[in-house]
Amino acid sequence: MMWAFALVGALIGYILGSIPVGLWVCRLYGVDIRTVGSGRIGGTNAWRVAGLKAAIPTVLGDALKGAIAVMLVRWLFFLVFPEPAAMSVSEAVARTDALNLALALAGGLAVVGHNWSFLNGFKGGAGGITTAATTVALSPLVGGVVVIIGAFLIWWSRIASIGTFAVAVSSFALFLILAVDQITPWPFAIYGVMVLAAVLIALRPNREKLRQQQERIITIW
């Protein structure tokens, strides 16, 4: 029964991730974000088409929905499966593994939902902010490193897609390395695979633009 809860985690992650924050925020300012700029509904395009006033709540919303998915699944797991007074070692290990798998699927599907929202015609953003915040929720240490790497590369390159690539790659690489060293659970490496694939697929057009040196530069004006 505990292992089946992973499917609940995946569903919660996808539903929360699918909330099209940028679309709804930009509508408040009379802009359909899907028809201008890159057509994506993330914070970068919200900034371009409606300014900082739309970008800030979009970024916050996109970050929170991934983190909330992980926290909600963790809370529900302990609510549905309260810790018994006594457990064998094997039962404790199985319980922890089931929880970690549910958390990993919730986080990974939150990014998938952001990129391919059922509330937005299975279109969405690129997943950088959602990945970063979800990674922090799964592991504050790994997430902190990922945020620093992504923020630095965006500052250095002034290209949002480079920062998004970096967030996905570093999340995958760090979770994989730490899982091999048995520092973090293996399901978190599965999460890393999911977010890396989601970001790489979503940013296929950007990879070509980067090769042709035609990618958009972030400006504050």
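**View 1. Arg-158 sits in the loop between helix H7 (140-157) and helix H8 (160-180).** Helices are DSSP runs of H or I with at least four residues, strands are runs of E with at least two, and both are numbered from the N terminus. The model is predicted, and local features need pLDDT of at least 70, side-chain atom pairs count only at pLDDT 80 or more, and totals for chains, interfaces and linings use all residues. Residues are numbered from 1 along each chain as its sequence is written, and side-chain values use heavy atoms, leaving out hydrogens and water. Most residues other than glycine have a negative phi. Arg-158 has a relative accessible area of 46%, so it is partly exposed. (Buried means under 20% relative accessible area, exposed means over 50%, and partly exposed lies in between, with a 1.4 Å probe and protein chains only.)

**View 2. Phe-122 also has a positive phi of about 60°, although it is not a glycine.** This residue belongs to the loop between H5 and H6. Is Phe-122 buried or exposed? Its relative accessible area is 52%, so Phe-122 is exposed.

**View 3. Thr-130 is a buried residue of helix H6 (residues 128-138).** Its relative accessible area is 0%. Which residues does Thr-130 contact, leaving aside neighbours within four places in sequence? They are Asp-62, Lys-65, Gly-66, Ala-110, Val-111 and His-114. (Contact means heavy atoms within 4.5 Å.)

**View 4. Asp-62 and Lys-65 form a salt bridge.** Two residues named in the previous view return here: Thr-130 touches both Asp-62 and Lys-65. Side chains of opposite charge can pair when their charged atoms come close. (A salt bridge is a side-chain nitrogen of Lys or Arg within 4 Å of a carboxyl oxygen of Asp or Glu.) The closest N and O atoms of Asp-62 and Lys-65 are 3.3 Å apart. Both residues lie in helix H4, three residues apart, about one turn of the helix. Asp-62 has 2% relative accessibility, so it counts as buried. Lys-65 is buried too, at 5%.

View 5. Glu-208 is partly exposed, at 34% relative accessible area. Arg-211 is exposed, at 60%.

**View 6. Asp-32 and Arg-34 meet through their side chains in a salt bridge.** The N to O distance is 3.0 Å. Asp-32 counts as partly exposed, at 28% relative accessibility. Arg-34 is partly exposed as well, with 35%. How many salt bridges does a search of the whole structure find? It finds three.

**View 7. Phe-5, Phe-77, Phe-78 and Phe-81 form one aromatic cluster.** A pair of aromatic rings is described by the distance of the centres and the angle of the planes. (Rings of Phe, Tyr and Trp, with its six-membered ring, pair if their centres lie within 6.5 Å; planes under 30 degrees apart count as stacked, over 60 as edge-to-face and the rest as tilted.) The count comes to eight aromatic pairs by this rule. Phe-5 and Phe-81 have ring centres 5.9 Å apart and planes at 85°, so this pair is edge-to-face. Phe-5 lies in helix H1 (residues 5-17) and Phe-81 in the loop between H4 and helix H5 (89-115), so the pair ties together parts that are 76 residues apart in sequence. Both Phe-5 and Phe-81 are buried. Phe-77 and Phe-81 make a tilted pair, 5.1 Å centre to centre, with 50° between the planes. Phe-77 counts as buried at 0% relative accessibility, and Phe-81 is buried with a relative accessible area of 13%.

**View 8. Lys-53 lies over the face of Tyr-29.** It is 5.0 Å from the ring centre. (A charge sits over a ring if NZ of Lys or CZ of Arg is within 6 Å of the ring centre and within 35 degrees of the ring normal.)
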